[in-house]
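Thank you all for coming; I would like to walk through one model this morning, going from its overall layout to a few particular contacts. Please have a look at it first, and then we can start with the elements.

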Amino acid sequence: MTEVKTRARPAAVKLTPASEARITELMSKAPEDAIGVKLSTPRRGCSGLAYSVDYISEAVPFDEKIETPGGVLYIDGGSVLYLVGSVMDWVEDEFAAGFVFTNPNATGSCGCGESFTV
């Protein structure tokens with residue numbers, strides 16, 4: 001019988017060093033029961049889907065798990081298909097700060113940039 005070798009599957013979302021640093025900062029201030037932060041795409045906004053990042057205290061079996069130096073990023077299992085190949089960055093300027101997503105699956109977004117369609 002031939003031995004089957006499997007390779008590690010690449011993460012659905014690539015994290016920039018700035019987003020990893022932000023996850024580290026979030027986890028340093030996290031509620032005591034938090035096991036990580038979770039990225040999901042709830043139905044919201046003018047275009048249909050939005051990005052949401054929240055603390056979680058319990059893992060869900062079909063969520064994707066991405067280990068970072070400062071904590072774990074979970075990706076909602078139902079959102080993975082909308083996010084495959086995306087890059088998650090953390091951007092700060094004089095007026096705003098937040099996670100910014102470069103998503104090759106998005107076919108459009110609303111004028112305010114808060115939601116997207118696939």
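This is a predicted model: local features need pLDDT of at least 70, side-chain atom pairs count only at pLDDT 80 or more; totals for chains, interfaces and linings use all residues.

How many helices and how many strands are there in the protein? There are two helices and 10 strands, where helices (H or I, at least four residues) and strands (E, at least two) are DSSP runs numbered from the N terminus. Read from the N terminus on, the order of the elements is β-α-β-β-β-β-β-α-β-β-β-β.

Residues are numbered from 1 along each chain as its sequence is written, and side-chain values use heavy atoms, with hydrogens and water left out.

Of the 118 residues in the protein, 36% are buried; buried here means under 20% relative accessible area, exposed means over 50%, and partly exposed lies in between, with a 1.4 Å probe and protein chains only. If we take contacts, meaning heavy atoms within 4.5 Å, between residues at least 6 apart in sequence, then 51% of them join residues at least 24 apart.

Let me turn to helix H1, which covers residues 17–28 and spans 17 Å from its first C-alpha to its last, close to the 16 Å expected at 1.5 Å a residue; the expected span is 1.5 Å times one less than the number of residues. Which residues of H1 are buried? They are Ser19, Arg22, Ile23, Leu26 and Met27. These residues cover an arc of only 135 degrees around the axis, so they sit on the same side of H1, the arc being that of the directions from the helix axis to the C-beta atoms. As a reminder, an α-helix has 3.6 residues a turn, so residues three or four places apart point the same way. On the face of H1 turned away from the buried side we find the exposed residues Pro17 and Ser28.

To take Leu73 as an example, its contacts, leaving aside neighbours within four places in sequence, are Leu15, Ile23, Val37, Leu39, Glu64, Lys65, Ile66 and Met88.

Next come the salt bridges, defined as a side-chain nitrogen of Lys or Arg within 4 Å of a carboxyl oxygen of Asp or Glu; the structure holds five. In one of them, Lys38 and Asp63 have their closest N and O atoms 2.8 Å apart. Because Lys38 lies in strand E2 (residues 36–40) and Asp63 in the loop between strand E4 (52–56) and strand E5 (64–68), this pair ties together parts that are 25 residues apart in sequence. Both Lys38 and Asp63 are buried. By contrast, Glu25 is partly exposed at 33% relative accessible area and Lys29 is exposed at 57%, and the side chains of Glu25 and Lys29 meet in a salt bridge of 3.1 Å, N to O.

What about the aromatic rings, and how many pairs does a search of the whole structure find? The search finds two aromatic pairs; rings of Phe, Tyr and Trp (its six-membered ring) pair if their centres lie within 6.5 Å, and planes under 30 degrees apart count as stacked, over 60 as edge-to-face and the rest as tilted. Tyr51 and Phe101 are stacked, at 4.1 Å centre to centre and 15 degrees between the planes. Tyr51 is in the loop between strand E3 (49–50) and E4, while Phe101 is in strand E8 (residues 97–102), 50 residues apart. Tyr51 is partly exposed at 22% relative accessibility, whereas Phe101 is buried at 15%. The rings of Trp90 and Phe99 have their centres 4.9 Å apart and their planes at 70 degrees, so that pair is edge-to-face.
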